Amino acid sequence: MEKFRITVKVGSNVLTRSDGTLDVTRMSALVDQIATLHKQGIQVILVSSGAVACGRSILKGLQSELDEVSQRQLFSAVGQAKLINKYYEFFNEHDIKCGQVLTTKESLSTDEQRQNQKNCMETMLSHDVIPIVNENDTVSITELMFTDNDELSGLMAQMMEANLLVLLSNIDGIYTGNPADPSSELIRVIGTQTDVSQYIQSSKSSAGRGGMQSKHHTARQVAASGIKVIIANGKRDNILQDLMQVTPLNEVIVSPQVPCTIFK
């Protein structure tokens, strides 16, 4: 039987503190959870935001000196080095190897390029190396960028034929109103015929480019291709372990006790 494979996307708001610095405690905890899945024989592809936020926190005071594209290139170049080094350090504590995969929308634009990237990642997974994927913001410019890492993770999940895509945000999922409003209810399951567009807020996240609108769009597309998608709160302790149980038939059972939104 083929190994169960999941793509986990971690958003900037999960990995950064309110002051914009990298939350190494949360990052370490997420690596612990992914390491547990890895040791259970589950193949994990990690799509991680956070490079630009890392670089911004290192190079404070430069925002006013550079245009938006130059800022993004500089911050990502410096921040990606810090981000991948931290991942390497944390995974190494579990005796697990990880590798960096930087990509662009252009590099996935042809069948040959997509196949080259897929072959690389398949080789990594077959040798028990966890791919850590991010957009290469140092060479991406506005019109050639992914909408955000939600879009990238959806493309990765489909290209790598994952069984499951988990989008980790800083809230539990899609609500019937503002998540901060006590009268709002979490929408637990969204099927192909369920229209929740009226509940989707268009605001972007404070640390990244995405938002719930982007997650909803990605989740719809990926679920339509036959891959189950879960939006959950990456700041909850042990969220990945609590969220799901993989059966011997490679089906995912989602615990009803864990708040999340499931697309299927």
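1. Asp150, Glu151, Gly154 and Gln158 of helix α6 are in contact (heavy atoms within 4.5 Å) with Ser214, Lys215, Thr218, Gln221 and Val222 of helix α7. The model is predicted: local features need pLDDT of at least 70 and side-chain atom pairs pLDDT 80 or more, while totals for chains, interfaces and linings use all residues. Residues are numbered from 1 along each chain as its sequence is written, and side-chain values use heavy atoms, with hydrogens and water left out.

2. Helix α6 (residues 149–159) and helix α7 (residues 212–224) have axes 9 Å apart and pack at an angle of about 15°; axes are lines fitted to C-alpha atoms over the stretch in contact, and angles run from 0 to 180 degrees between N-to-C directions. The two helices are therefore roughly parallel (angle under 35 degrees).

3. The largest nonpolar core has 41 residues, of which Ile6, Tyr87, Phe91, Leu168 and Leu243 touch the most other members. Such a core is a set of buried (under 20% relative accessible area, 1.4 Å probe, protein chains only) Ala, Val, Leu, Ile, Met, Phe, Trp, Tyr and Cys residues joined through side-chain atoms within 4.5 Å. Helix α2 (residues 24–39) gives the largest share of this core, six residues.

4. Asn233 is found in strand β7 (residues 228–233); helices (H or I, at least four residues) and strands (E, at least two) are DSSP runs, numbered from the N terminus. Asn233 counts as buried because its relative accessibility is 11%. Leu168 and Ile239 are among the residues that Asn233 touches, not counting residues up to four places away in sequence.

Terms used:
Buried < 20%, exposed > 50% of the residue type's maximum accessible area, 1.4 Å probe, protein only. Parallel < 35°, antiparallel > 145°, perpendicular 65-115°, else oblique.
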